Amino acid sequence: MRYFIHLAYDGTNYRGWQFQPNVVSVQGTIEDRLKSIFKTDITVFGCGRTDAGVHSSQYFIHINLEEPLNFDLKFRLNKNLPEAIVVYDVIPMNDNQHVRFDATMRTYDYFIHTEKDIINSKFSSNYDVTALDIDVVKKAAKMLTSFDDFIGVCKKPHLYKHTRCNVTHSEVFVDEKAKRLRFTITANRFLRGMIRLIVTNLLYVGKGKISLEEFEKVFTNKVSILDTPPAYPSGLFLSKVEYPYLKIESKSGLLAGLKLGLQ
């Protein structure tokens, strides 16, 4: 029996999604709790990987069991998992349905707050955007849907057969009163470090460090801007994963709260 598990996590204290020896990961934590419940090793397959400190308000995993569940796994997991990981649904699926390979689109949100704030600091990134030209930033963000190769914003292009991505939506929202920004992007796939490098380049454009023409060359000439650091991980959320056979909205109240005023 195959089950999809719909969950969310606060990635602040994790070294990313993927299991790594001698560090705390989201995958490793879930597999450890499943082992305590089933008294045997259960391999967890994830819908994608997130870096250290990155969050997810919607994430799917799948597990394979020899027998159908005869107890409430959602309840058991939520009782055993740390508060940073929440399970919303446990869904029986066909054995050939895969959380990673069947995902058709993923959406990420990146949150920025422009003044140091106790509440925002954990799930948003603090940047000085005093001289930021938001209109230019919005233009640059919208340009992303016209590009098809993102090698210029890929941290490790050698890991991939190709670096082409189909970006279907890219937009920046601003809440001037609360001094916050949200960058949202949807694509069929994402590359290592891609979103955080895009955010840095968007900020560079807005501050006049690079022109719109130079920004465009990153994608049309397929070259990276030297010494571009990735944006801080704390502001990044994997916020939606779409399947042709499964339509579930995010149930995380955290992301809904962060989006207030930024729609």
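Reply: Gladly! Threonine 186 sits in strand 8 (residues 180–187); strands (E, at least two residues) are DSSP runs, numbered from the N terminus. This is a predicted model, where local features need pLDDT of at least 70 and side-chain atom pairs count only at pLDDT 80 or more, while totals for chains, interfaces and linings use all residues. Residues are numbered from 1 along each chain as its sequence is written, and side-chain values use heavy atoms, with hydrogens and water left out.

Me: Why is threonine 186 called buried?

Reply: Its relative accessible area is 9%, and buried means under 20% (1.4 Å probe, protein chains only). Threonine 186 is therefore buried.

Me: What makes the link between the side chains of threonine 186 and threonine 107 a polar contact?

Reply: The two side chains are joined at 2.7 Å. A polar contact is a pair of N or O atoms within 3.5 Å, one able to donate a hydrogen and the other to accept it, so the pair qualifies.

Me: Which residues does threonine 186 touch, not counting those up to four places away in sequence?

Reply: They are Met105, Arg106, Thr107, Asn166, Val167, Thr168, His169 and Glu242, with contact meaning heavy atoms within 4.5 Å.

Me: What is the volume of the largest pocket, and how many residues line it?

Reply: About 870 Å³, with 32 lining residues; lining residues have an atom within 4 Å of a point on a 1 Å grid. Cys47, Gly48, Arg49, Arg100 and Phe190 lie nearest the centre of the largest pocket.

How values were computed. Helices (H or I, at least four residues) and strands (E, at least two) are DSSP runs, numbered from the N terminus. Buried means under 20% relative accessible area, exposed over 50%, partly exposed in between (1.4 Å probe, protein chains only). On a 1 Å grid over the protein atoms alone, a cavity is a set of points where a 1.4 Å probe fits but cannot get out, and a pocket is an open set with protein on both sides within 12 Å along at least five of seven lines; lining residues have an atom within 4 Å of a point. Grid points are joined across faces, edges and corners, and a volume is the space filled by probe spheres set on the points.
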